[in-house]
Amino acid sequence: MTKCLETDKLKAWFLAEKRELPWREQADPYAVWISEVMLQQTQVAVVLPYFQRWMQRFPTIADLAAASIDEVIKVWEGLGYYSRARYLHEGAKYLVEHFNGQLPASEERLKTIKGLGPYTIGAILSFAFHQKKAAVDGNVLRVLARYFQLEDDIAKAATVKKLRLLAESLLPDEEPWIISEALIELGATVCQRKARCMECPLRSSCLSYRNGVVDRFPVKSKGAQTEYLYRAVAVIRCQDRYLVKRGKKGEIMSDLYEFPFFPTQKERLSSQQLREIIQQQWGLMVCEKHHFPSIMQGFTRYQARLDPVLFACSEEKPVADLEWVEQDVLKQRAFSSGHRRLFEQIQALDLPLPA
Ligand code: ADE
């Protein structure tokens, strides 16, 4: 049986209620690409200032391709999932090399760009090139699973594939891109995790609503459980330089700066214990200057507790895999989120330089 959706009602609702968002102003493929990648796993309110800053700093694909990775990561700093920024940078360089700095309007060609998945490809083809393509993200999965009361687990790749095909089959021939974006908007603003059915234009034909089971849908199995990490962070300062680590390629924090740390058990190490480890592992003689309260840092499926202590060191000895970097230079570098907050606290201490 073919499924159908009341697209007229959805379209009228979207045209009346849609949020004014900068990437909706003109359907520029580059702006669609950047905004859709930023919007993955991130709320619109958080994305807005990042999008504005990005477009000011890198107004074209060629500008992005010509920038250094450090600058790209710095503009992205705080958005998390940094591989997205690295892929945008790589993608821009590839587009300059192979497509004259423009996004191509074909699925086959878009697929050749690393980091572009079916969702982003669908969004670019639909919103920017006005093709009859669905852009199925978590919002759309939720809307469709509820509307059709689907028992399939939306955490499964096979279900996502099935719903992508279903979404495409529901699009009208006339202005299909409006329905593509309206489905996302409905999921983002009305058919949220806690559904606001009274505001929904599709209420009267939504199967879950009609059967009084909206709260049971979508069916979604739990992904990987959160893992808790505990880290004794050694902030070591010598004159106006700090000992820091830059994440290596392939590591979760690749290209991001962090202060060095040691994994610990749940119980916090004493400053004395940390001082001894620093001496044993790196041969640095340090003395404690400040003991910070713990900082919580979430990334991917981890929840880390950072337990930082600031130490002064009189001799700037080289340490394998770490580097001494001036405070003013560090201000220009991108830190992981927890270490960025720690660095801000260090700066606020306004420590006098040793004589
Ligand atoms: N979430 C993902 N894509 C979006 C878009 N284009 N508009 C609003 N929210 C979104």
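**Close-up 1. Arg 268 pairs with Asp 307 in a salt bridge.** Arg 268 is partly exposed, with a relative accessible area of 23%. Asp 307 has a relative accessibility of 3%. That value is under 20%, so Asp 307 counts as buried. The N to O distance in this predicted model is 4.0 Å. The partners come from distant parts of the chain, 39 residues apart. Asp 307 lies in strand E7. Arg 268 lies in the loop between strand E4 (261-263) and helix H13 (271-282).

**Close-up 2. Glu 227 and Arg 301 form a salt bridge.** Their closest N and O atoms are 3.2 Å apart. Glu 227 is partly exposed, at 34% relative accessible area. Arg 301 is partly exposed too, at 34% relative accessibility.

**Close-up 3. Lys 74 and Glu 77 meet in a salt bridge.** The closest N and O atoms are 2.8 Å apart. Glu 77 has a relative accessible area of 13%, under the 20% limit, so this residue is buried. Lys 74 reaches 25% relative accessibility and therefore counts as partly exposed.

**Close-up 4. Salt bridges link Arg 19, Arg 24, Glu 181 and Glu 185 in a network.** Two of the linked residues are Arg 19 and Arg 24. Glu 181 and Glu 185 also belong to the network. The structure holds 28 salt bridges.

Technical notes:
Residues are numbered from 1 along each chain as its sequence is written. This is a predicted model: local features need pLDDT of at least 70, side-chain atom pairs count only at pLDDT 80 or more; totals for chains, interfaces and linings use all residues. Side-chain values use heavy atoms; hydrogens and water are left out. A salt bridge is a side-chain nitrogen of Lys or Arg within 4 Å of a carboxyl oxygen of Asp or Glu. Buried means under 20% relative accessible area, exposed over 50%, partly exposed in between (1.4 Å probe, protein chains only). Helices (H or I, at least four residues) and strands (E, at least two) are DSSP runs, numbered from the N terminus.
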